[in-house]
Structure formats: structure tokens, C-alpha cells
Amino acid sequence: MARRVAILFCLLCATWYIHETVATVIPELPHPSDFSLYYQAAQNVLAGHSPFVTQGYIYPPLLACLLTPLAALSYVGARWVWFLFSQACMLAAAWLLWKSMVRDGMCGWAAACSIAFVWATGGAGVESLALGQLGPLLVLVLATAYSEKRGHYSL
């Protein structure tokens, strides 16, 4: 019975997560967002200019350099790639955290319910995905650091 309740809870959380971070966000992808600065800075790098030519770009130059492959795409195309990459980061982070929590002795379903709840109700994730911010990538970096064990990463 407890397993069924956990599965139902995880499904409800997944449904809410999809509603909030996919269905609500997709219509906003074509509009300017924080990602616009990353995209314009990457276009400047691709054109041989400093990323800081983009007014408001305050991030390390490495970010603009890493995003230069997206600069060749249209803004909407680049925004879609970034959105899908961000979702992949969130899913990978959830997987790493789940593996780490189970490895540390937590019941698999309890770990899954905990992560599902945080992912579904965490407003910062929704905001980062909607605005195209770096949050999902940083979540993956932190989850990787958290799940590290004895010098070996467990992806």
C-alpha cells in the first residue's frame, strides 16, 4: 500500500512539474528573457567581439564562449536548445540525488518522493527555466558535488 501511495505521489508531483516547467514555460520561449543576454554575448564572441559589448552581460566570458554554438541558431531555436538542456540538467540532478540518498541508506521511494516534491514545488526551478537562467546547470553541478563519494562521481 505504501508503495502505491508513493507512486501516486510521485506521479502527481511529476504532473505538477510538467505543468509548471513545460506547459507554462513553452509559450514564453520566443520572448526576451535572461537568456537573451547570454545569446547576444555568444553572438558577439562569434563575431570576434568581447561578450561585454552586450549591455547588461555580467557573467564570465567562458559562458558566452561555451554558448557560441547556439549563437548560430535563431533566438527561438537557441532558446529551445537551452530549455531542453536545462530540463536535462534538472533530471540528471534528480537522478544523482536519488542515487546518493539511496546509497546513504534512505528508502528508494522516500527519496523519490522527497525529490519529486522539491522539484514540483520549488519555485526557483520554475523561474530559472522560464527565464532561461543558469539555475538548472548550477543545480546539476551542486548535485554532482553532493553525490561525490570517495573521489568517484556516480552518474
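A crossing of two helices is called left-handed if the near helix is turned anticlockwise from the far one by less than a right angle, and right-handed if clockwise.

Good morning. The structure under discussion is a predicted model, in which local features need pLDDT of at least 70, side-chain atom pairs count only at pLDDT 80 or more, and totals for chains, interfaces and linings use all residues. Residues are numbered from 1 along each chain as its sequence is written, and side-chain values use heavy atoms, with hydrogens and water left out.

I begin with the overall architecture. The protein chain has eight helices and zero strands; helices (H or I, at least four residues) and strands (E, at least two) are DSSP runs, numbered from the N terminus. Along the principal axes, the C-alpha atoms fill a box of roughly 60 × 40 × 20 Å. Of the 155 residues, 38% are buried, where buried means under 20% relative accessible area, exposed over 50%, and partly exposed in between, with a 1.4 Å probe and protein chains only. Among contacts (heavy atoms within 4.5 Å) between residues at least 6 apart in sequence, 68% join residues at least 24 apart.

Next, the packing around helix H5. How do H5 and H8 cross? The axes of H5, residues 75-103, and H8, residues 135-147, come within 8 Å and cross at roughly 20°. Axes here are lines fitted to C-alpha atoms, for helices over the stretch in contact, and angles run from 0 to 180 degrees between N-to-C directions. The two helices are therefore roughly parallel; the classes are under 35 degrees for roughly parallel, over 145 for roughly antiparallel, 65 to 115 for roughly perpendicular, and oblique for the rest. The crossing of H5 with H8 is left-handed, in the sense given at the outset. Residues making this contact include Phe85, Ser86, Cys89 and Met90 of H5, and Pro136, Leu137 and Val139 of H8. By class, the contact of H5 with H8 comprises 13 nonpolar residues, four polar and one charged. Ala, Val, Leu, Ile, Met, Phe, Trp, Tyr, Cys and Pro count as nonpolar, Asp, Glu, Lys and Arg as charged, and the others, Gly among them, as polar.

H5 also packs against H7, at an angle of about 155° and with the axes 9 Å apart. That angle makes H5 roughly antiparallel to H7. Arg79, Phe83, Ser86 and Gln87 of H5 meet Leu129, Ala130 and Leu131 of H7. This contact divides into four nonpolar residues, two polar and one charged.

Ser86, in H5, is buried at 5% relative accessibility. Beyond residues up to four places away in sequence, Ser86 touches Leu129 and Pro136. Ser128 lies in H7, residues 123-131, and is likewise buried, at 10%. Leaving aside neighbours within four places in sequence, Ser128 contacts Gln133, Gly135 and Pro136.

Finally, the cysteines. How many disulfides does a search of the whole structure find? The search finds zero, a disulfide being a pair of cysteine sulfur atoms within 2.5 Å. For Cys10, the nearest cysteine sulfur, that of Cys113, is 3.8 Å away. Cys10 is buried, at 16% relative accessible area. The sulfur of Cys107 is 8.3 Å from its closest cysteine sulfur, in Cys113, which is too far for a bond. Cys107 is partly exposed, at 48% relative accessibility.

Thank you for your attention.
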